[in-house]
Amino acid sequence: MEERPAPSITSFFGNLEDPRSDRTRQHELIDIITIAICGVICGADSWADLEIFGKSKEGWLKGFLELPNGIPSHDTFGRVFSLLDAQQFQDCFLEWVKAVNDVTRGQVIAIDGKTVRRSHDKTLGKSVIHMVSAWASENRLVLGQTKVAEKSNEITAIPELLALLDVSGCIVTIDAMGCQKEIARLIIEDSGDYVLALKENQGQLYQEVKELFEDEDLVTEVGDFHETVNKGHGRLERRRCSSIADPECISYLDSRGQCRGLRSVAKVTGERRIGEKVSKESRYYISSLPGAAKELLWAGA
């Protein structure tokens, strides 16, 4: 079977609009972008780091870049990226990531929200930046990110991020921030599966799932179980998953069929022991997966 050539950065960023005037172009835009992407992949997190990376790898970079005036300075990296159309760059970047990322069936895509450190600026009146990211667990790759709008929250940003992704055949896991019926619908309509965490402030569904697992006889009769134990460096971590996929139980929890694709619920109890100190926490989940406790625990429940 003939191997497909690896998708090149040039082929995906070649049409990105160059915001500079002709007289200020000492470096090719594609050279700047390629060095930046390669540098960030290798751990660079500042414009100065990109310049250092470029100079240290100049011989290798010359094998596929023009570099008519050598490696751009850190000021050039900063100036060019400040002028680029952010949406255009994101579109190009996501298309490239999709091409290089071999998404396998059953891969877990974890969606999570984080605050960008040192992103606020009191002088300019800028608040901190909150981002929602999709992480491909198998390939250790960020598939997409979107910024949470001011005076909004992560729940509104998740549908925007899902619209950028192809989650067909994958398992999407979202922390309690994302346990919404609309989000479950979007994932199912894109032919994916979900494992969504529940939180106490989400009302009746959380309470009903919790009460379901408090019925020990029912759990023993229709439930499935799996446990993992990890030891190391004086620490013992134990995670036990109980899951229920009984159709009558699921129908009771979602009698009106509002949670698209709902097939199972799970309770995961985590216990951590360090010396004499023991901490214990239980969390509850809803899922479109069939209900095998081992698969739910592996998927991130």
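Predicted model: local features only at pLDDT ≥ 70, side-chain atom pairs only at ≥ 80, totals over all residues.

Modeller: Residues are numbered from 1 along each chain as its sequence is written, and side-chain values use heavy atoms, with hydrogens and water left out.

Colleague: Why is H3 called oblique to H5?

Modeller: Helix H3 (residues 47–56) and helix H5 (residues 74–83) pack at an angle of about 125°, with their axes 7 Å apart. Angles under 35 degrees count as roughly parallel, over 145 as roughly antiparallel, 65 to 115 as roughly perpendicular and the rest as oblique, so H3 is oblique to H5.

Colleague: Which residues of H3 and H5 meet?

Modeller: With contact meaning heavy atoms within 4.5 Å, Trp47, Ala48, Leu50 and Glu51 in H3 meet His74, Phe77, Gly78 and Phe81 in H5. The residues of this contact divide into five nonpolar, two polar and one charged.

Colleague: What makes strand S5 mostly covered?

Modeller: Buried means under 20% relative accessible area, found with a 1.4 Å probe on protein chains only, and four of the five residues of S5 (residues 193–197) are buried.

Colleague: How do you know that S5 and S9 pair?

Modeller: Two strands pair if DSSP finds at least two bridges between them, and S5 has three bridges with strand S9 (residues 277–287), in the antiparallel sense. Leu196, for instance, has Ile286 in S9 as its bridge partner. Strand S4 (residues 171–174) runs parallel to S5 and is joined to S5 by four bridges.

Technical notes
Axes fitted to C-alpha atoms, helices over the stretch in contact; angles between N-to-C directions. Helix = DSSP H or I, 4+ residues; strand = E, 2+ residues; numbered from the N terminus. Nonpolar A, V, L, I, M, F, W, Y, C, P; charged D, E, K, R; others polar. Buried < 20%, exposed > 50% of the residue type's maximum accessible area, 1.4 Å probe, protein only.
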